[in-house]
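Please look over the protein below.

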Amino acid sequence: DDVDDEDREDYEQDLVEALEIQFLKIMDSKSWNSRAKYVIIVLDNTGMYTESIVLELVKSFWSLARMENFILIIRNLEGDHHYDLQENAVLNLYSWFPYLNGTCSEVDKGMLLDQWVSSNGGHFSKKLDLFSYKLPRNFGSCQFVISTIGPEPYVKVARNYTDGNENQVYEVEGTG
(Lines give C-alpha, C1' and ligand atoms only; values in the text may rest on other atoms or scores of the structure.)
Protein backbone atom coordinates (compact mmCIF):
# COMPACT_ATOMS: atom_id res chain seq x y z
CA ASP A 1 0.00 0.00 0.00
CA ASP A 2 1.78 3.08 -1.22
CA VAL A 3 -1.31 5.30 -0.87
CA ASP A 4 -1.72 7.14 2.43
CA ASP A 5 -5.07 7.38 4.21
CA GLU A 6 -5.69 11.01 3.20
CA ASP A 7 -5.18 10.24 -0.51
CA ARG A 8 -7.35 7.13 -0.15
CA GLU A 9 -10.20 9.18 1.34
CA ASP A 10 -9.84 11.74 -1.47
CA TYR A 11 -10.02 8.98 -4.14
CA GLU A 12 -13.11 7.49 -2.49
CA GLN A 13 -14.84 10.87 -2.13
CA ASP A 14 -14.12 11.72 -5.78
CA LEU A 15 -15.56 8.38 -6.93
CA VAL A 16 -18.71 8.77 -4.82
CA GLU A 17 -19.24 12.34 -6.08
CA ALA A 18 -18.74 11.30 -9.73
CA LEU A 19 -21.25 8.46 -9.41
CA GLU A 20 -23.75 10.71 -7.60
CA ILE A 21 -23.58 13.25 -10.45
CA GLN A 22 -24.18 10.51 -13.03
CA PHE A 23 -26.97 9.05 -10.94
CA LEU A 24 -28.72 12.41 -10.51
CA LYS A 25 -28.67 12.87 -14.31
CA ILE A 26 -30.30 9.45 -14.71
CA MET A 27 -32.92 10.32 -12.08
CA ASP A 28 -33.80 13.50 -14.02
CA SER A 29 -34.46 11.57 -17.23
CA LYS A 30 -37.92 10.50 -18.39
CA SER A 31 -36.87 6.87 -18.33
CA TRP A 32 -36.07 6.87 -14.58
CA ASN A 33 -37.71 4.04 -12.68
CA SER A 34 -36.93 3.76 -8.96
CA ARG A 35 -38.07 0.12 -8.91
CA ALA A 36 -35.83 -0.94 -11.79
CA LYS A 37 -32.82 -3.20 -11.27
CA TYR A 38 -29.43 -1.56 -11.67
CA VAL A 39 -25.90 -2.81 -12.19
CA ILE A 40 -23.17 -0.32 -11.23
CA ILE A 41 -19.61 -1.14 -12.26
CA VAL A 42 -16.61 0.52 -10.61
CA LEU A 43 -13.70 0.08 -13.00
CA ASP A 44 -10.93 1.72 -10.99
CA ASN A 45 -10.83 1.28 -7.24
CA THR A 46 -7.04 1.18 -6.99
CA GLY A 47 -5.86 2.72 -3.75
CA MET A 48 -9.22 2.33 -2.00
CA TYR A 49 -10.48 0.05 0.74
CA THR A 50 -13.16 -2.09 -0.89
CA GLU A 51 -15.45 -2.27 2.16
CA SER A 52 -15.18 1.47 2.73
CA ILE A 53 -16.03 2.47 -0.84
CA VAL A 54 -18.89 -0.04 -0.98
CA LEU A 55 -20.37 1.40 2.22
CA GLU A 56 -20.14 4.97 0.92
CA LEU A 57 -21.74 4.05 -2.41
CA VAL A 58 -24.57 2.09 -0.79
CA LYS A 59 -25.28 5.01 1.56
CA SER A 60 -25.34 7.33 -1.44
CA PHE A 61 -27.73 5.16 -3.49
CA TRP A 62 -30.08 4.80 -0.52
CA SER A 63 -30.08 8.49 0.41
CA LEU A 64 -30.53 9.71 -3.18
CA ALA A 65 -33.32 7.39 -4.31
CA ARG A 66 -34.05 4.72 -1.70
CA MET A 67 -32.48 2.30 -4.18
CA GLU A 68 -32.28 -1.31 -3.13
CA ASN A 69 -32.41 -3.19 -6.44
CA PHE A 70 -28.80 -2.80 -7.44
CA ILE A 71 -25.67 -4.84 -7.86
CA LEU A 72 -22.38 -3.03 -7.30
CA ILE A 73 -19.49 -4.69 -9.12
CA ILE A 74 -16.05 -3.76 -7.86
CA ARG A 75 -12.64 -5.33 -8.35
CA ASN A 76 -11.38 -7.35 -5.40
CA LEU A 77 -8.08 -5.89 -4.22
CA GLU A 78 -7.94 -7.76 -0.93
CA GLY A 79 -5.53 -10.56 -0.08
CA ASP A 80 -3.67 -12.07 -3.02
CA HIS A 81 -6.06 -10.79 -5.69
CA HIS A 82 -3.86 -7.97 -7.05
CA TYR A 83 -4.21 -9.37 -10.54
CA ASP A 84 -4.32 -7.80 -13.92
CA LEU A 85 -7.92 -7.08 -14.93
CA GLN A 86 -7.53 -9.35 -17.97
CA GLU A 87 -6.15 -12.45 -16.22
CA ASN A 88 -7.26 -14.02 -12.95
CA ALA A 89 -9.38 -11.05 -11.94
CA VAL A 90 -11.84 -11.40 -9.08
CA LEU A 91 -14.86 -9.12 -9.10
CA ASN A 92 -16.96 -8.72 -5.96
CA LEU A 93 -20.71 -8.26 -6.39
CA TYR A 94 -22.31 -6.27 -3.56
CA SER A 95 -25.78 -5.05 -2.70
CA TRP A 96 -27.74 -3.96 0.35
CA PHE A 97 -31.23 -4.73 1.60
CA PRO A 98 -33.27 -2.74 4.10
CA TYR A 99 -34.94 -4.66 6.93
CA LEU A 100 -32.20 -7.28 7.01
CA ASN A 101 -30.62 -8.10 10.38
CA GLY A 102 -32.78 -5.54 12.19
CA THR A 103 -31.02 -2.57 10.59
CA CYS A 104 -34.30 -1.13 9.23
CA SER A 105 -33.28 1.50 6.71
CA GLU A 106 -29.92 2.35 8.29
CA VAL A 107 -27.04 1.45 6.00
CA ASP A 108 -24.39 -0.25 8.11
CA LYS A 109 -22.42 -2.21 5.49
CA GLY A 110 -22.62 -3.57 1.98
CA MET A 111 -23.50 -7.21 1.51
CA LEU A 112 -21.15 -9.39 -0.55
CA LEU A 113 -23.49 -11.45 -2.73
CA ASP A 114 -21.09 -13.33 -4.95
CA GLN A 115 -17.74 -13.19 -6.73
CA TRP A 116 -16.89 -13.51 -10.40
CA VAL A 117 -13.59 -15.34 -10.87
CA SER A 118 -12.23 -14.93 -14.40
CA SER A 119 -9.87 -17.93 -14.30
CA ASN A 120 -10.86 -21.18 -16.03
CA GLY A 121 -13.27 -19.48 -18.41
CA GLY A 122 -14.88 -17.37 -15.68
CA HIS A 123 -17.56 -18.33 -13.18
CA PHE A 124 -19.54 -17.12 -10.19
CA SER A 125 -18.36 -18.70 -6.95
CA LYS A 126 -21.84 -19.04 -5.37
CA LYS A 127 -24.04 -19.11 -8.50
CA LEU A 128 -26.85 -17.14 -6.81
CA ASP A 129 -29.81 -15.43 -8.43
CA LEU A 130 -28.54 -11.88 -7.99
CA PHE A 131 -31.94 -10.18 -8.01
CA SER A 132 -33.91 -12.69 -5.98
CA TYR A 133 -34.49 -10.41 -2.98
CA LYS A 134 -37.97 -10.76 -1.55
CA LEU A 135 -39.59 -8.85 1.28
CA PRO A 136 -39.04 -10.51 4.64
CA ARG A 137 -42.02 -11.98 6.47
CA ASN A 138 -41.18 -10.06 9.65
CA PHE A 139 -40.10 -6.41 9.66
CA GLY A 140 -39.46 -6.38 13.41
CA SER A 141 -40.02 -2.84 14.61
CA CYS A 142 -38.98 -1.26 11.30
CA GLN A 143 -41.27 1.13 9.48
CA PHE A 144 -42.62 -0.14 6.20
CA VAL A 145 -43.85 2.38 3.67
CA ILE A 146 -45.99 1.30 0.73
CA SER A 147 -47.54 3.06 -2.19
CA THR A 148 -50.31 2.07 -4.52
CA ILE A 149 -50.34 1.94 -8.29
CA GLY A 150 -53.37 1.90 -10.53
CA PRO A 151 -56.73 3.58 -10.68
CA GLU A 152 -58.47 4.78 -7.54
CA PRO A 153 -60.06 3.81 -5.23
CA TYR A 154 -57.32 2.01 -3.37
CA VAL A 155 -59.73 1.28 -0.52
CA LYS A 156 -63.30 0.09 -0.94
CA VAL A 157 -66.12 -0.37 1.54
CA ALA A 158 -66.61 -4.05 2.34
CA ARG A 159 -69.43 -3.55 4.84
CA ASN A 160 -71.13 -0.65 6.62
CA TYR A 161 -73.44 -0.63 9.60
CA THR A 162 -74.59 1.44 12.56
CA ASP A 163 -73.05 0.54 15.93
CA GLY A 164 -74.80 0.57 19.35
CA ASN A 165 -74.10 4.31 19.77
CA GLU A 166 -75.80 5.15 16.45
CA ASN A 167 -72.41 5.83 14.76
CA GLN A 168 -71.96 4.85 11.14
CA VAL A 169 -69.15 2.26 10.87
CA TYR A 170 -67.38 1.43 7.60
CA GLU A 171 -65.27 -1.73 7.24
CA VAL A 172 -62.92 -1.30 4.33
CA GLU A 173 -60.55 -3.49 2.28
CA GLY A 174 -57.52 -2.57 0.28
CA THR A 175 -54.50 -0.42 0.87
CA GLY A 176 -55.05 2.19 3.49
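## A hairpin to start with

Strand 6 and strand 7 make a hairpin, with five residues between them. In the turn, E166 has a positive phi of about 65°. Helices (H or I, at least four residues) and strands (E, at least two) are DSSP runs, numbered from the N terminus.

Two strands count as paired if DSSP finds at least two bridges between them. Where does T162 find its bridge partner in strand 7? The partner is Q168.

## How the model was made and read

This is a predicted model, in which local features need pLDDT of at least 70, side-chain atom pairs count only at pLDDT 80 or more, and totals for chains, interfaces and linings use all residues. Residues are numbered from 1 along each chain as its sequence is written, and side-chain values use heavy atoms, with hydrogens and water left out.

## The overall plan

The protein has two helices and seven strands. From the N terminus on, the elements run α-β-α-β-β-β-β-β-β. The protein has 176 residues, and buried residues make up 29% of them. Buried means under 20% relative accessible area, exposed means over 50%, and partly exposed lies in between (1.4 Å probe, protein chains only).

Five strands form an open sheet in the order 1-2-3-4-5, with mixed pairing. Its edge strands are strand 1 (38–42) and strand 5 (123–124), and each pairs on one side only. Strands of a sheet pair through backbone hydrogen bonds, either parallel or antiparallel.

Strand 2 (residues 70–75) and strand 3 (residues 90–95) run in the antiparallel sense and share four bridges. Which residue of strand 3 is the bridge partner of R75? That residue is L91.

## Salt bridges across the hairpin

Side chains of opposite charge can pair when their charged atoms come close. A salt bridge here is a side-chain nitrogen of Lys or Arg within 4 Å of a carboxyl oxygen of Asp or Glu. How many salt bridges does this rule give? The count comes to two.

E173 lies in strand 7 and K156 in strand 6, so the pair ties together parts that are 17 residues apart in sequence. E173 is partly exposed, at 43% relative accessibility. K156 is exposed, with a relative accessible area of 52%.

Another salt bridge joins E171 and R159, at 3.3 Å from N to O. This pair links distant parts of the chain: E171 sits in strand 7 and R159 in strand 6, 12 residues apart. E171 is partly exposed at 33% relative accessibility. R159 is also partly exposed, at 46%.

## Two surface patches

Patches are made of residues with over 30% relative accessible area and no salt bridge; like charges are joined within 9 Å, and nonpolar side chains (Val, Leu, Ile, Met, Phe, Trp, Tyr) within 5 Å. Accessible areas come from the Shrake-Rupley method with a 1.4 Å probe, and for residues only the protein chains shown count as cover.

A nonpolar patch is formed by Y154, V155, V157, Y170 and V172, with about 450 Å² of accessible area together. Strand 6 and strand 7 are the elements that give two or more residues to this patch. Y170 belongs to strand 7. Is Y170 buried or exposed? Y170 counts as exposed, because its relative accessibility is 53%.

A negative patch is formed by D4, E6, D7, E9, D10, D14 and E17. Lys and Arg count as positive and Asp and Glu as negative, while His and the chain ends are not counted. The place of a charge is taken as NZ of Lys, CZ of Arg, CG of Asp or CD of Glu. E9 is placed in helix 1 (residues 5–27). E9 is exposed, with a relative accessible area of 54%.

R35 lies in the loop between helix 1 and strand 1. R35 is exposed, with a relative accessible area of 56%. R35 and A65 are 30 residues apart in sequence and 9.8 Å apart in space, C-alpha to C-alpha.

A36 lies in the loop between helix 1 and strand 1. A36 is partly exposed, with 22% relative accessible area. From A36 to E68 the separation is 32 residues in sequence and 9.4 Å in space, C-alpha to C-alpha.
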